[in-house]
Amino acid sequence: MARKRANGEGSYYQLQDRTWVYQVTVGRKEDGSPKRKSFKGRTKAICKERWKAWEAEQAELVKQAAAERLEAENVEALAARLGHFPEAETLFSDAFMEWLKLYKSPPTRKPSTYASYLATYETHFSPAFGEIPLYEVTQDVVQDYYQKKQLAGARKDGKDSGLSPKTIRNHHMILKDFFTYAEGKYKLHGNPTLCTTRPEVIQREMRVLSPSEMEVFIREVMKETQRIAILTDLFVGYRKGELLALEISDFDLERQTLRVSKNIQRVPTVALSLDNPNIKILNYDPSKKTHLIVQNTPKTRSSYRETSISDGLCELLVRHIFTMANSDWPNPNNLLFPSTTGTYIDPKSFDIRLRAVSKRCEIKNVNPHALRHTMATRLVEEKVPLNIVQGILGHSSIETTRKYLHKNEEIEREAIESMSNHLSMENLLDTPQLNGAKKRGKFAGVILPDFSDKEKGSGQ
C-alpha cells in the first residue's frame, strides 16, 4: 500500500516524453485556492533538487528583504533622531555641480545656456550656499538670499545696487529646478524654494525708434562698413546671433526670403564640449577664456524660420553680394555679412558699431534688441496680426495662440512689404532699379557669386 503524502510534500506525474513534473503547493491565492509551482526534470530526483534550490533561493530573498527592512528602519530611526536623512548632509556645492553636469551641460543643453548656469553658480550660489549641507538650506535661508540680492547683488557691472527682479526670478527658477531633483536624490523633506516670495517683475519699456528717428538712423548707418547688416537687422528683426550667422545660401532669391537655422555666440571656454556635434568652435585655443561658436540650433524651436523680405531689402542684399564679389573682400565661408577679414563678425563688435551710430545720431540706447522691437512695433502699427509678427520674430511665448493661428505666407509677405515705406532706395542708392523688375521674385534669375570658389582661385 502506497505511503500517504504529508501536507506540502507535493506530487509527481510523468509526461508523454517520459520526463517527470514535481508539483508543490507554495501558498494561497487571494481567493484561498492553492498556489502551486511545478518543477520539471528527467528524473524525480532532479525535480526535487530543483524544488530544493528554489526553496533556498526564496529563503535567501526573504532574508535579504528582512535585512533591507531592518536597514530602512535604522535609517528612519537615524533620520528621526537627526531630523534629516544622511544623504541630505551632502554639500550644496557637490550636489549642484553634479546636477549641472548631468542635466544642464552640452550636448543636452546649449553651451551658452550651460555657461550662464556656471556663471550664476560661481558668482551667486557658491558664496551663498556652497559649503552648506542641503538639509540646512531651508525656506528661510533661500528667502534671506533673495532679500539680500535685492540690496547688494554682486552685479556684473560692478554697481553696488541689488539685482533686478527679473534676475532674482531667474535665480529662483534654477534653484527650484535643482531642489526638485535633490528631493528625490538626497531625500530632502521638501523643496525650500516653493513658499518663498520674490520681487514683482515689472516689464520695463523697451527702446523703440520712432519713424523720424528711423530716418535719421538709416542715413547715418549708410556711413558704416556693415551698413547692410545693420539695415537687414532693422527690417527683418533677427537676433544679432541669427543675423551674423547667415550664409549666402540662406538667401533665397526665388522665394525672396532669408532662412534662420543657426546662430553665433561668444561663450566661456569652460562651457565648451569639443565633441559636441551641434556647434562649430571658431579658432579653438584652450588658453583663451572665451570662444566664438556657431550653433546649429537657434534660441528656441520657433527660431527656425524662413522670413519673406521686401523688394527694397532684397535689392540691397543683391547689390551687397555683388559688391563683395567684385572687390578683394575675403569670404571663404560664404557668409552673408563677413567681417573685413572674411571671418564671422563678433556680436560684441556689432554692438559697438550700433553704439557708434547711436552716438552720432544722438539717439540713445540703440542696440540690436531696440531694432528688433522697432521692427515689431512698426508691424503692429500697420495692424499686422500678432501671430504673423510672432512668426517673423521667431518667438515661442504665445504657444497657445499658435495652436489656433497658423502662418500665412501671403499675409507675412504683405506685412514685410509694409516696411518698405521706411526704406527708400532713392535716398540710399543713386542707382536705377533692375530691369524687368516684378513685384515678387524679381531677383529669381540672379545667380549669386560663390566666395569659396573665389578663395580657391586666389590660392592657385
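A: Happy to! A nonpolar core is a set of buried Ala, Val, Leu, Ile, Met, Phe, Trp, Tyr and Cys residues joined through side-chain atoms within 4.5 Å; buried means under 20% relative accessible area, with a 1.4 Å probe and protein chains only. Here the largest such core has 61 residues, and Phe217, Phe251, Leu258, Leu317 and Phe337 touch the most other members. Apart from that core lies another, of 29 residues, including Phe125 and Tyr146.

Q: What should I know about the model and its numbering?

A: This is a predicted model, where local features need pLDDT of at least 70 and side-chain atom pairs count only at pLDDT 80 or more, while totals for chains, interfaces and linings use all residues. Residues are numbered from 1 along each chain as its sequence is written, and side-chain values use heavy atoms, leaving out hydrogens and water.

Q: Is His320 buried or exposed?

A: His320 is buried, because its relative accessible area is 12%. You will find His320 in helix α9, residues 311–325. Helices (H or I, at least four residues) and strands (E, at least two) are DSSP runs, numbered from the N terminus.

Q: Which residues does His320 touch, not counting residues up to four places away in sequence?

A: A contact means heavy atoms within 4.5 Å. By that rule, His320 touches Ile228, Leu336 and Phe337.

Q: Which residues of α5 are buried?

A: An α-helix has 3.6 residues a turn, so residues three or four places apart point the same way. In α5 the buried residues include Ile168, His171, His172, Leu175, Phe178, Phe179 and Ala182. The buried residues of α5 pack against α2 (92–103), α3 (111–129) and α4 (139–151).

Q: In what order do the 3 strands of the open sheet come?

A: Two strands pair if DSSP finds at least two bridges between them. The order is β1-β2-β3, with antiparallel pairing. At the edges stand β1 (11–14) and β3 (34–41), each with a single partner strand, so one side of each has no neighbour in the sheet. Strand β2 (residues 20–28) pairs with β3 over 8 bridges, and Trp20 stands opposite Gly41 in β3.

Definitions and conventions. Buried < 20%, exposed > 50% of the residue type's maximum accessible area, 1.4 Å probe, protein only.
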